2 protein chains.
Amino acid sequence: MLDVCLLGTAGMMPLPDRWLTSMMARYNGTSLIIDCGEGTQIAMKEVGWSPKPVDVLLITHFHADHISGLPGLLLTMGNAEKKSPLTIVGPKGIKRVCESLRVVAPEIPFEIEYIELSEHDVELELRGFMIHAFRVKHNVPCYGYSISIPRAGKFDVEKAKSANIPLKCWNLLQKGNTVSVDGLTYTPDMVMGPPRKGIKVTYCTDSRPVDAIWQAAKGSDLFICEGMYGEPEKKVKARQFKHMTFYEAAELGKKADVDEMWLTHFSPSLVAPKRYMKDVNEIFSKVSLGFDGRMKTIDFIDE
Amino acid sequence: MLDVCLLGTAGMMPLPDRWLTSMMARYNGTSLIIDCGEGTQIAMKEVGWSPKPVDVLLITHFHADHISGLPGLLLTMGNAEKKSPLTIVGPKGIKRVCESLRVVAPEIPFEIEYIELSEHDVELELRGFMIHAFRVKHNVPCYGYSISIPRAGKFDVEKAKSANIPLKCWNLLQKGNTVSVDGLTYTPDMVMGPPRKGIKVTYCTDSRPVDAIWQAAKGSDLFICEGMYGEPEKKVKARQFKHMTFYEAAELGKKADVDEMWLTHFSPSLVAPKRYMKDVNEIFSKVSLGFDGRMKTIDFIDE
């Protein structure tokens, strides 16, 4: 079970009624955040999610609206008595940028590890989260992220019996261990069915609508994607500033064939995003507007 | 006429219903801010005061809750098409700290000038504001600030007549010019009465209650002062973390004999500051609780 919360939906600058775009996920006692602009720690407090178990912070790019809340967030984590290390992942230069911002937050009671991305596609496993970082197309180096929780196959009793696996080994094998008994070695694949569908959430902002995005988002239970502009005539502006319109985002969701899609990272000039959704849903019916504090719990599907 | 707004009243960390402590003042088309923690730009937007005419930024000290909103504020000023230079004043190291935070806001369409304070008392004149920076007592170098708007004396017709000042010089002299006519030189003091009471606002956070504070605040129309704790038993904590209780702050206001005093910089643990005000007002009747967005317009007094 993975809990997801869209902490904010603003792009460019925080507004009195719209926090900057950021996503938080909770799984198995640990938490992950993507981006932390000015005010993200307040948004987190508003929804009542603790900063203490945040062990992974993924940064899409170094524009202030995606990272300037870092010093305050680190201090608030420290005040919450976080002790476990924090891994910060981001484009090349992430350590330099974070350490520079830490000029006002030099003393933190937990370790920070940095992972710098430079390839177009990077796979990471951090605290139980399988993470795929994929390069997108903004005016500075920028990454989208897919977060997956894999799920093992079911224990196959018939398979175990027909392979003559001793009963006492079943439990250990089901838990993923390799077991040796009486000179014979048994591996988990001898008793387990094929891996089942896990959970997958994809997050992408800021970018033009490139193929890498829908390719990475394929199979997602939830796809959170920027939609900077709702007005169709702002496609020119979207191209100029390397963002997307709602319609361009919806096309990506359709191609990725995701189960559900939320739009976010709205321009400060976008005051009534709802008015564009009829046309947007004609492109892809499963897309809806993100809003601050929007949550979703995604369960493994029983087969 | 000086407009003052207390943008926030939180200490340590911003909360969903309490912005970090910051003060803004508007005078004669220009604006000044003291401190800009995370979210100050949002608080400013909430009260509807523009970031564009902000020409002076005074920083009390380098703890994140007083300065971490800088990159976002600078970018928002830039988006508001500010072109006039910004002067940032703060303790020694202010340039290094601000430039380090600017790693995520490197491109700003206006100049930034820095003034570093190292003496215990510094007098500055910036954009019509007379500023007195005074060193206070925190666990890092920290300054309080008095902002004054001086007021010239009245034009004294009898004085001008008895000194035989030509009538055509009166207007120029009243405006502060020195005038030479027919080989004779006339100066403003020959026609003006003594300077009248101006406007003075004093702001102080974070500090223990030291004499420098009430001495600097003397004669203030408004004194905004930290009161981190309302609970009398937290005096020990106040001493330990170099802050003040409401009662210690009230004693300062009483000694300074100010016209009005607001408390601010409340601890996140302080949820009902009102309950302590009866006792606080027994020390000094003119002190009241600051609140986010509290405004006051201070006029010159007609004599």
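How many bridges join strand 5 of chain A to strand 6 of chain A? There are 6 bridges between these strands, which run parallel. The report returns to this pairing below. The model described here is a predicted one.

## Chain A as a whole

Chain A contains 10 helices and 16 strands. Its radius of gyration is 21 Å, close to the 19 Å that the globule rule gives for 303 residues, so chain A is as compact as a globular protein of that length. The C-alpha trace of chain A spans about 70 × 50 × 35 Å along its principal axes.

Of the 303 residues of chain A, 47% count as buried. Among the contacts in chain A with a separation of 6 or more, 67% are made by residues 24 or more positions apart.

## The domains of chain A

Two domains are assigned in chain A: domain 1 comprises 2-151 + 197-298, and domain 2 comprises 153-194. The C-alpha centres of domain 1 and domain 2 of chain A lie 40 Å apart.

## Parallel strands in chain A

Strand 5 of chain A, residues 86-91, pairs with strand 4 of chain A, residues 54-58. These two strands run parallel and are joined by 3 bridges. At one position, A:Val56 stands opposite A:Thr87 of strand 5.

## A loop position in chain A

Where is A:Thr178 placed? The residue A:Thr178 is in the loop between helix 6 (170-174) and strand 10 (179-181) of chain A. A:Thr178 counts as partly exposed because it has 13 C-beta neighbours inside 10 Å, and a residue is buried only if 20 or more other C-beta atoms lie within 10 Å of its own, or exposed if 12 or fewer do.

Apart from residues up to four places away in sequence, A:Thr178 touches A:Thr185, A:Tyr186 and A:Thr187. A:Thr178 and A:Val47 are 131 residues apart in sequence, and their C-alpha atoms are 43 Å apart in space.

## The contact between the chains

The contact between the two chains takes 26 residues from chain B and 26 residues from chain A. On the side of chain B that touches chain A, the elements that give two or more residues are helix 1 (40-47), helix 2 (64-67), helix 3 (70-79) and helix 4 (94-101) of chain B. Helix 3 of chain B provides the largest share of this side, 5 residues. By class, the side of chain B that touches chain A has 15 nonpolar, 8 polar and 3 charged residues.

Helix 1 of chain B also has buried residues, namely B:Thr40, B:Gln41, B:Ile42, B:Ala43 and B:Met44. These buried residues pack against strand 1 (2-8), strand 2 (22-27) and helix 3 of chain B. After helix 1 of chain B comes B:Gly48, whose phi is positive, near 80 degrees.

## A covered strand in chain B

Strand 13 of chain B, residues 222-226, is mostly covered, with 5 of its 5 residues buried. Both of its faces are covered: B:Leu222, B:Ile224 and B:Glu226 are buried on one side, and B:Phe223 and B:Cys225 are buried on the other.

Which strands pair with strand 13 of chain B? One is strand 12 of chain B, residues 196-204, in the parallel sense over 4 bridges. In this pairing, B:Ile224 is the bridge partner of B:Tyr203. Strand 12, helix 7 (residues 211-217) and strand 13 of chain B make a right-handed β-α-β unit. Strand 14 of chain B, residues 261-264, also pairs with strand 13 in the parallel sense over 4 bridges; there, B:Thr264 is the bridge partner of B:Glu226.

## A loop position in chain B

B:Gly128 is found in the loop between strand 7 (121-126) and strand 8 (129-135) of chain B. With 14 C-beta neighbours inside 10 Å, B:Gly128 counts as partly exposed. Leaving aside neighbours within four places in sequence, B:Gly128 is in contact with B:Tyr27, B:Asn28 and B:Thr30. B:Gly128 and B:Ser162 are 34 residues apart in sequence and 32 Å apart in space, C-alpha to C-alpha.

Technical notes: Residues are numbered from 1 along each chain as its sequence is written. Chains are lettered from A and ligands numbered from 1 in the order in which they are written. This is a predicted model: local features need pLDDT of at least 70, side-chain atom pairs count only at pLDDT 80 or more; totals for chains, interfaces and linings use all residues. Two residues are in contact if their C-beta atoms, placed from the backbone, lie within 7 Å. Ala, Val, Leu, Ile, Met, Phe, Trp, Tyr, Cys and Pro count as nonpolar, Asp, Glu, Lys and Arg as charged, and the others, Gly among them, as polar. Two strands pair if DSSP finds at least two bridges between them. Domain bounds come from an automatic or database domain assignment. The radius of gyration is taken over C-alpha atoms; the globule rule is 2.2 Å times the number of residues to the power 0.38. A crossover is right-handed if, with the strands pointing away from the viewer, the path from the first strand over the helix to the second runs clockwise.
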